[in-house]
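Dear colleague,

Here is the structure I said I would pass on. My notes follow below it.

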Amino acid sequence: MKEIRIGLLGLGNIGTGTYKALEMNREKIEKLVGGSVKITKILEKDIDRERDITVSKEQFVDSIEAITEDPDIDIVIELLGGVEPASTFIEKALLAGKHVVTANKAAVAASWEKLNAAAKKTGVQFRFEASVGGGIPVLTPLAGCAAVNQYTEVLGIVNGTTNYILYKMTEEGMSYEDALKDAQVKGFAEADPTADVEGIDAANKLSILMAIMFDRYIPPTQIPRAGITGITKEKIEEAREQDCVIKLIAHATLHDDGSFTYEVRPTFIKNYHPLAGVLEEYNAVYIKGNLVGKLMFYGPGAGPLPTGSAVLGDVTEIARSIV
């Protein structure tokens, strides 16, 4: 039986969730692949952290070269987060002829052209389904079975932290400050929530969506954005009076005259719109295509196991092609 060997970069929450998901569903995954799938090397500084998985000390390595220069490694999974050193490590793996899977929206969005060029140069696959929408399968359908469409619009609730905060403000009358604290207590918001509440995370994801759907790469730093820190109880009530709810929306439109607009900002969404019913920390991506009409992808936008599901979906597709 062919053995697919994987090098894993990062064993934090998402890395641990991915490792655990592989162990949980190994039989199903290996049946789909037609071979065995094994994480053989892990690049991680904190090797002594307690995790609810069984990892041998021999699996840990202390340099990216120990993975990229290992001829037995077929696939590299990058789950370090952040732009650097993740972008450099991904590029190094691609140029070494390794297939790469990542959930890192910041690295993919910031280094889109460089990373895709590296994959093209060596003829390997670069996949990042988990970078937008966590466990929601959205990029693969948009780039695959639905790609025959001329896409005209995308609206995404692609940040669970802000959606949870706005939900608590709308449904329970919480202030922004109290809703943020509640999100932090429940683990939906980081101690420093800036990337989420200021729309930076959503801009990264919109950059990726636009590159896939419209073949237009816009760096996330060039996407106009506004966060939710200025949303007040009064603004929530104003929306309610107009039969709307407020959602942080990542939005891009290809207009009939050929112009293209894009932004991330809090938006009044009519209560009859499908996105209005996306509650708590859930995510959704709503698209329009000239053939298919309207589609919505909905589900958990984050979390170790949902994200691990998307990562392993990409791994499985690559592994099947290798076998």
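**Cysteines**

Cys145 counts as exposed, since its relative accessibility is 70%. Cys244, by contrast, has a relative accessible area of 7% and is buried. Please keep in mind that this is a predicted model. Searching the whole structure gives 0 disulfides.

**The open sheet**

An open sheet is built from 6 strands in the order S3-S2-S1-S4-S5-S6, with parallel pairing. Its edges are strand S3 (60–61) and strand S6 (126–127); each has a single partner strand, so one side of each has no neighbour in the sheet. Within the sheet, strand S1 (residues 3–9) pairs with strand S4 (residues 75–78) in the parallel sense, over 4 bridges. Leu9 is opposite Glu78 in S4.

Two helices lie across strands of this sheet. Helix H4 (residues 86–95) lies across S1, S2, S4, strand S5 (99–102) and S6, and its direction is at about 155 degrees to S5.

**Helix H8**

Helix H8 covers residues 160–172. At 1.5 Å a residue its 13 residues should span 18 Å, and the end C-alpha atoms are 17 Å apart, which agrees. The N-terminal end is capped by Asn159, with a side-chain oxygen 3.3 Å from the backbone nitrogen of Thr161. Just after the helix, Gly173 has a positive phi of about 70 degrees.

The buried residues include Gly160, Asn163, Tyr164, Tyr167 and Lys168. Among the elements that cover the buried residues are strand S7 (151–157), helix H9 (176–185), helix H10 (194–197) and helix H12 (233–241). Strand S8 (244–254) and strand S10 (282–289) also belong to that cover.

**Helix H11**

Helix H11 (residues 200–214) has 15 residues and reaches 21 Å from its first C-alpha to its last, close to the 21 Å expected at 1.5 Å a residue. Of those 15 residues, 13 are buried, so H11 too is largely enclosed by the rest of the structure. Asp215 follows H11 and has a positive phi, near 55 degrees.

Best regards

Key: Residues are numbered from 1 along each chain as its sequence is written. This is a predicted model: local features need pLDDT of at least 70, side-chain atom pairs count only at pLDDT 80 or more; totals for chains, interfaces and linings use all residues. Side-chain values use heavy atoms; hydrogens and water are left out. A disulfide is a pair of cysteine sulfur atoms within 2.5 Å. Buried means under 20% relative accessible area, exposed over 50%, partly exposed in between (1.4 Å probe, protein chains only). The expected span of a helix is 1.5 Å times one less than its number of residues. Contact means heavy atoms within 4.5 Å. A polar contact is a pair of N or O atoms within 3.5 Å; within protein, one must be able to donate a hydrogen and the other to accept it, and residues adjacent in sequence count only if both atoms are side-chain atoms. Two strands pair if DSSP finds at least two bridges between them. Axes are lines fitted to C-alpha atoms, for helices over the stretch in contact, and angles run from 0 to 180 degrees between N-to-C directions.
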